Amino acid sequence: MRYMLMICDDGAKLESPAELDAKPDHVAWMRDLDERDMSRGRYLMRPPAEAKTVRVRDGKELVSDGPFAETKEWVAGVELIECADLDEAIAIASAHEAAGRYPIEIRPYWED
Amino acid sequence: MTEAIEEAFRAEWGRVVATLIRLTGDWDLAEECTQEAFARAMAHWPQDGVPRRPGAWLTTTARNRALDRIRRAAAETNRLADLATIGSPEASTEDSFPDDRLKLMFTCCHPALPLEAQVALTLRTLTGMTTPEIARAFLVPEPTMAQRLVRAKRKIHNARIPYRVPPPSLLPERTSGVLGVLYLLFNQGYSNYSLVDEAIRLTRVLVSLMPHTPEASGLLALMLFHNSRRDTRLDASGDLVTLEDQDRSRWDQELIEEGIAVLDAALEQGHPGPYQLQAAIAACHATAPTASDTDWPRIAMLYEAMLRLNPSPVIELNRAVAVAMASGPSEGLALLDSLQDKLTGYHLLPATRADFLRRLGRIPEAAEAYREALELAPTDAERRFLTRRLSELDSA
């Protein structure tokens, strides 16, 4: 079963990919997933302040600056995982180093 | 005969559904085939007699029904592989179906499901209450309840909520989730006896399946003590009767004795928890021949133990009441001061203070506290009670 873990942030202390790669607990979490062959991709996004939003109205492209919705917390990164069931996905999410500070949303893939 | 079938329905429904879910992985199919198995029982048992093992008969009948339907669907879609799981030899040994109800309870009470869905799904799958019956018990329209059940089952399937007893690392937390649902069911049913009975029946099943989980036994004992007072809790006009004024000769002694046996066995395991402690407090009340015989020092001690496990201002308030009963109202009054900020707006705080002041003979202060409580009281029954107390003060 595949799930997307959406790891949130509020921008109080932004970390670059290089900074994250230097955090031992984050590295250990990623290595554990890789060793169990559960990761199906991971991406870190730049903050919503750097987002553009596009809408098409009457065939016309409307591009605006910023995210489509302003929220206090936003998705900073995603981890795509494949594991046995929801309990396993919950265990993986709660072991993430950010779980003590920010919520992590778990979304099952639409499989049938 | 209908009695035998009704008895089998109550005793076997949950077990048959639980087995069918394990075999087919399909919750709707499991419910429908179990329903059909009972319909067949209704048609055959009156002529053929009740089988030696009604549960095995029902499970086999339901399983064969499911097998037929899966076979037909597989023939249509050419997916014969689906048959492999349900047709396995393990599944067809007629007399030895393992009890899957514990898995079913944990899945129904999974924290990823909303609480109200956990409650509804537990009732539907484990007790066989129908959707209209559950809707009536919770005072919601039937389509709302039906949708709640459909959504919950869909979520279990789509998010793949596992069908199993959780591993040891998750077990304590998940068990307290199951106990919470059962206790909610019991309390919700305070005025609906069929829910109370189902809650007790399910808790008995849980205790039989988890005999080494003393909190499950603690919850069962607590329910038995509460239920022993069922008939004395309200007066003829429907008003609440306080514990002190209830007719103790009408308390159900059989339930009390069973509660004590269950609680003692739980406490012997040496892992007290909130339900065991609440049950122990309820036991103090249940075993006191008159209100004045109540062992208040022990109750105060039990509340203290509860506070150590789970600090809460409401429990502190209860402890203050017990201390006042054990050592006098001025001792209790001293404990209330520290609660003022933590229980702002909670009517039982001024009501309790009023009671202590009344017993100390400080009548004007008591009257003022009763009036404060009266303004905050949320129900008519409580307002009537407080008004009565206030008028007794005036006439004293």
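Start by selecting B:Leu139, which sits in the loop between helix H8 (131-137) and helix H9 (142-158) of chain B, where helices (H or I, at least four residues) and strands (E, at least two) are DSSP runs, numbered from the N terminus. The phi angle of B:Leu139 is near 55 degrees, a positive value in a residue other than glycine. With a relative accessibility of 77%, B:Leu139 counts as exposed; here buried means under 20% relative accessible area, exposed over 50%, and partly exposed in between, with a 1.4 Å probe and protein chains only.

Before you go on, keep in mind that this is a predicted model, in which local features need pLDDT of at least 70 and side-chain atom pairs count only at pLDDT 80 or more, while totals for chains, interfaces and linings use all residues. Residues are numbered from 1 along each chain as its sequence is written, chains are lettered from A and ligands numbered from 1 in the order in which they are written, and side-chain values use heavy atoms, with hydrogens and water left out.

**Chain A**

Next, select A:Asp37, which has a positive phi of about 55 degrees although it is not a glycine. You will find A:Asp37 in the loop between helix H2 (24-35) and strand S2 (39-44) of chain A.

Now colour the whole of chain A by secondary structure, and look for three helices and six strands, which follow one another from the N terminus in the order β-α-α-β-β-β-β-α-β. The C-alpha trace of chain A spans about 50 × 40 × 20 Å along its principal axes, and of its 112 residues 35% are buried. Among the contacts in chain A with a separation of 6 or more, 75% are made by residues 24 or more positions apart, where contact means heavy atoms within 4.5 Å.

**Chain B as a whole**

Turn to chain B, which has 20 helices and zero strands. Along its principal axes, the C-alpha trace of chain B spans about 85 × 45 × 45 Å. Chain B has 396 residues, of which 48% count as buried, and residues 24 or more positions apart account for 62% of its contacts with a separation of 6 or more.

**From the cysteines to B:His110**

Select B:Cys108, which is buried, with a relative accessible area of 0%. How far is the sulfur of B:Cys108 from the closest cysteine sulfur? The distance is 6.1 Å, to the sulfur of B:Cys109, which is too far for a bond, since a disulfide is a pair of cysteine sulfur atoms within 2.5 Å. Over all chains, the structure holds zero disulfides. Another cysteine to select is B:Cys284, which counts as buried at 8% relative accessibility.

Move on to B:His110, in the loop between helix H6 (101-108) and H7 of chain B. Is B:His110 buried or exposed? At 2% relative accessibility, B:His110 counts as buried. Leaving aside residues up to four places away in sequence, B:His110 touches A:Leu86, A:Asp87 and A:Ile90 in chain A, as well as B:Gln118, B:Ile161, B:Pro162 and B:Arg174 in chain B.

**Two helix pairs**

Two packed helices are described by the angle between their axes and the distance between the axes. The axes are lines fitted to C-alpha atoms, for helices over the stretch in contact, and angles run from 0 to 180 degrees between N-to-C directions.

Select helix H7 (residues 115-127) and helix H11 (residues 193-209) of chain B, which pack at an angle of about 70 degrees with their axes 12 Å apart. H7(B) and H11(B) are therefore roughly perpendicular to each other, because angles under 35 degrees count as roughly parallel, over 145 as roughly antiparallel, 65 to 115 as roughly perpendicular and the rest as oblique. On the H7(B) side, B:Thr122, B:Leu123, B:Leu126 and B:Thr127 meet B:Leu195, B:Glu198 and B:Leu202 of H11(B).

Then select helix H16 (residues 313-327) and helix H17 (residues 329-336) of chain B, whose axes lie 6 Å apart at an angle of about 160 degrees. That angle makes H16(B) roughly antiparallel to H17(B). Residues in this contact include B:Leu317 and B:Val323 of H16(B), and B:Pro329 and B:Leu335 of H17(B).

**Last stop**

Finish at B:Leu376, in helix H19 (residues 363-376) of chain B, a residue that is partly exposed, with a relative accessible area of 34%. B:Leu376 and B:His347 are 29 residues apart in sequence, and their C-alpha atoms are 5.0 Å apart in space. Not counting residues up to four places away in sequence, B:Leu376 touches B:Gly345, B:Tyr346, B:His347 and B:Pro350.
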